[in-house]
Amino acid sequence: MPEGDGIEKLIRPDLVAFGGYAASKSPETLEGKVEVPVEDIIKLDANENPYGCSPRVQKALATCTDLNIYPDAGQAELRKQLQEYTGVGTEHIAAGAGSDQLIGLILQLFITPGDEVINCVPSFAMFPFFTNLAGGTVVDVPRDENFAVDVKAVKAAITKKTKLILLATPNNPTGTITPRQDILEILDTGVPFLVDEAYYEFGGQTVAPLVSQYKNLMVLRTFSKWAGLAGLRIGYGLFPPRIADYLLRIKEPYCVNAAAKLAVQESLKDVDYLMSKVKAIIAERERLFGELEKIEWLKPFPSRTNFILCSVLNGDAGELQQKLQNKGILVRYFDQPLLRSSIRISVGKPEHTDALIKALREIGG
Ligand SMILES: Cc1ncc(COP(=O)(O)O)c(C=O)c1O
């Protein structure tokens, strides 16, 4: 629709200036814009799994015969399988098209315009995205210089309007894990508390078993990272049963598609294989960290995820991202005050690390 047709007068006033989410670039959109063929682009910008999904998933999808049938809206079988994986009862579980969708549903469930949502920044960009979409007000509580959560400041930020506290642990894009004691202290405020554990399998720490003890705890997980299913969009959450029930009621009925459901089933039969790849990624993360540390104009931050945040001490991080992109290596740059001079590098295979380090040395500080 052309601009100036008055559409702004018809849509929600608070969405007229909504900026959307700056998503990672798909390699095919860069054809002819980078120095290498599209198939040689090294994608280290979206924390995807470089080893792909389980071969069992590939095989099952190739022979799947019931794609003409709507999946079970009640997610009964899926939730049972997730109970076996998490050890948390089915009555606590709801799944969605990626954990992104569940973040959106939680915001819709709790937030009406004017409500406040506490966000420990810098953090995952979809938190303010969905808060704004729900008409809520984001209350930023900055982390300290090592990106640790300031629990005292979180508690001090709580007002009568606070409806939700959001925390990713390990955190994206900083890689930081929040100690269990800090999580318990925030939980004790009684405010509904969303703990996003998208990188749990890399970090190894969870508060999932506590969902049966706390009425205000919600834990989110995803199959995008450890299980390599980002393209199929499947995540799940562990909730107090009443909240799980509400989420199942307000979700779009068939939000987890048949292919994603099958992929979860096969992935959960192949956890040892997938975790061996997680181990390889963790080992590669440590090697990448060591290599980045040797470059004197970069400062990598320790990470418990499948990516590393890196301060650019000398020069412009945005320019560095563009120069790497020209060479066919995609990394993430965040145009946010707290992350202005940083790039985030997803951990790839060893050959990707080698290519990245070579390119960084060629570019220089
Ligand atoms: C902290 C965090 N939460 C949630 C997600 C979304 O994952 P999904 O692919 O399941 O929507 C991501 C993805 O990068 C993330 O970093």
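A surface patch joins residues with over 30% relative accessible area and no salt bridge, linking like charges within 9 Å and nonpolar side chains (Val, Leu, Ile, Met, Phe, Trp, Tyr) within 5 Å. A nonpolar patch of this kind, of about 350 Å², is made by I7, L10, I11 and V16. The model is predicted: local features need pLDDT of at least 70, side-chain atom pairs count only at pLDDT 80 or more, and totals for chains, interfaces and linings use all residues. Residues are numbered from 1 along each chain as its sequence is written, and side-chain values use heavy atoms, with hydrogens and water left out.

**Nonpolar surface patch**

- The area of the patch formed by I7, L10, I11 and V16 is about 350 Å², with accessible areas taken from the Shrake-Rupley method with a 1.4 Å probe and only the protein chains shown counting as cover for residues.
- I11 belongs to the segment before β1 (42–43); helices (H or I, at least four residues) and strands (E, at least two) are DSSP runs numbered from the N terminus.
- With a relative accessible area of 40%, I11 is partly exposed, a class lying between buried (under 20%) and exposed (over 50%), for a 1.4 Å probe and protein chains only.

**Aromatic pairs and cluster**

- The whole structure contains 9 aromatic pairs, in which ring centres of Phe, Tyr or Trp (its six-membered ring) lie within 6.5 Å; planes under 30 degrees apart are stacked, over 60 edge-to-face and the rest tilted.
- One of these pairs joins F124 and F127 edge-to-face, at 5.7 Å centre to centre and 85° between the planes.
- F124 is buried at 16% relative accessible area, and F127 is buried at 1%.
- F129 and F130 also pair edge-to-face, with ring centres 5.0 Å apart and planes at 85°; both residues are buried.
- A single aromatic cluster is formed by Y85, F223, W226 and Y236.

**Charges over rings**

- R221 lies over the face of Y200, 3.9 Å from the ring centre; the criterion is NZ of Lys or CZ of Arg within 6 Å of the ring centre and within 35 degrees of the ring normal.
- R249 lies over the face of Y246, at 4.4 Å from the ring centre.

**Surroundings of G135**

- G135 is located in the loop between α4 (126–133) and β4 (137–142), and is buried at 17% relative accessibility.
- Leaving aside residues up to four places away in sequence, G135 touches R12, D14, T112, P113 and G114, contact meaning heavy atoms within 4.5 Å.
- G135 and V278 are separated by 143 residues in sequence and by 38 Å in space, C-alpha to C-alpha.

Terms used
A salt bridge is a side-chain nitrogen of Lys or Arg within 4 Å of a carboxyl oxygen of Asp or Glu.
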